[in-house]
Amino acid sequence: MSGGYTGAVDSYAGQLLIASPRLLDPNFERTVGLIVRHDDDGALGLVLNRATPVPLAQAWSEVSDTAYEGDDPLLRGGPCEGPLMVLHAEPEHAQFEVLGGVYFSAETERVTALVESHCTPALYFVGYAGWGPGQLEGELETGSWLLRDATPEAVFAGPSASWGKLSSAADPDSPRNRIDPRLMPDDPHLN
């Protein structure tokens with residue numbers, strides 16, 4: 001972490017957090033996330049483009065007697081353990097609004113209502129990304145992450161969110177933008 005952290009933050013909540021090519025942590029390599037909450041206590045984010053091999057219907061059947069009939073993926077929101085979390089477009093089931101038209105819920109009653117109503121659009125997450133006070137700011141200073149304004153369309157793209165396209169748009173002056181992203185290897189160590 002950088003030594004310049006003062007404890008007062010400008011909130012990045014509602015911003016897309018895009019892993020820069022130099023971020024080699026396997027938990028976040030080539031990820032697109034949404035900063036859900038950010039204040040003096042730290043930040044909470046959800047990775048939007050990492051689906052688990054377990055569909056939501058299967059995971060839901062393990063915790064509820066009510067069946068889920070959709071084929072929605074269950075997303076890996078990050079490496080930290082936590083409750084089932086949902087980004088959705090239903091204000092009546094929201095704990096809070098992340099950005100215009102995108103709401104967050106993790107309370108059991110709200111999540112149950114969202115699952116049972118089959119609300120769309122909605123993204124369901126297991127796990128989250130968390131940063132302590134000043135940690136996210138330090139990682140932004142070192143260039144580990146790129147920020148971009150989020151829109152409901154970008155958030156609800158979910159697993160199809162394109163890391164290459166969004167990282168190029170977030171950092172248009174980067175030398176990697178002179179290379180066709182289709183030619184970039186999946187493993188950056190192969191460059």
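**Close-up views of a predicted model**

**View 1. Arg-37 and the ring of Phe-96.** Arg-37 lies over the face of Phe-96, at 3.9 Å from the ring centre. A charge counts as sitting over a ring if NZ of Lys or CZ of Arg is within 6 Å of the ring centre and within 35 degrees of the ring normal. Phe-96 counts as buried because its relative accessibility is 17%; buried means under 20% relative accessible area, exposed over 50%, and partly exposed in between (1.4 Å probe, protein chains only). The model is predicted: local features need pLDDT of at least 70 and side-chain atom pairs count only at pLDDT 80 or more, whereas totals for chains, interfaces and linings use all residues. Residues are numbered from 1 along each chain as its sequence is written, and side-chain values use heavy atoms, with hydrogens and water left out.

**View 2. Aromatic pairs.** Five aromatic pairs are counted, where rings of Phe, Tyr and Trp (its six-membered ring) pair if their centres lie within 6.5 Å; planes under 30 degrees apart count as stacked, over 60 as edge-to-face and the rest as tilted. The ring centres of Phe-28 and Trp-145 are 5.4 Å apart and the planes stand at 75°, so this pair is edge-to-face. Phe-28 is in the loop between strand 1 (15-19) and strand 2 (32-39), while Trp-145 belongs to strand 11 (residues 145-149), 117 residues apart. Phe-28 and Trp-145 are both buried. Together with Trp-131, they form one aromatic cluster. Phe-96 and Phe-104 make a stacked pair, because their ring centres are 5.0 Å apart and their planes are at 25°. Phe-104 is buried, with a relative accessible area of 6%.

View 3. Six strands form an open sheet in the order 4-5-9-6-8-7, with mixed pairing. Strand 4 (51-55) and strand 7 (96-99) are at the edges with a single partner strand each, so one side of each has no neighbour in the sheet. On average, neighbouring strands of this sheet are turned by 35° against each other, direction ignored. Strand 5 (residues 73-76) pairs with strand 9 (residues 122-126) in the parallel sense over three bridges, and Arg-76 stands opposite Val-126 in strand 9. Two strands pair if DSSP finds at least two bridges between them. Helices (H or I, at least four residues) and strands (E, at least two) are DSSP runs, numbered from the N terminus.

**View 4. Helix 1 on the sheet.** Helix 1 (residues 56-63) lies across strand 4, strand 5 and strand 9, and runs at about 60° to strand 4. Axes are lines fitted to C-alpha atoms, for helices over the stretch in contact, and angles run from 0 to 180 degrees between N-to-C directions.

View 5. Val-111 is placed in helix 2 (residues 108-117) and is buried, with a relative accessible area of 4%. Its contacts (heavy atoms within 4.5 Å), leaving aside neighbours within four places in sequence, are with Trp-60, Leu-84, Val-86, Ser-105 and Ala-106. From Val-111 to Leu-84 the C-alpha to C-alpha distance is 7.6 Å, and the two are 27 residues apart in sequence.

**View 6. Nonpolar cores.** The largest nonpolar core has 38 residues, of which Leu-34, Leu-87 and Val-155 touch the most other members. Apart from it lies another core of eleven residues, among them Tyr-68, Val-86, Leu-114 and Ala-122. A nonpolar core is a set of buried Ala, Val, Leu, Ile, Met, Phe, Trp, Tyr and Cys residues joined through side-chain atoms within 4.5 Å.
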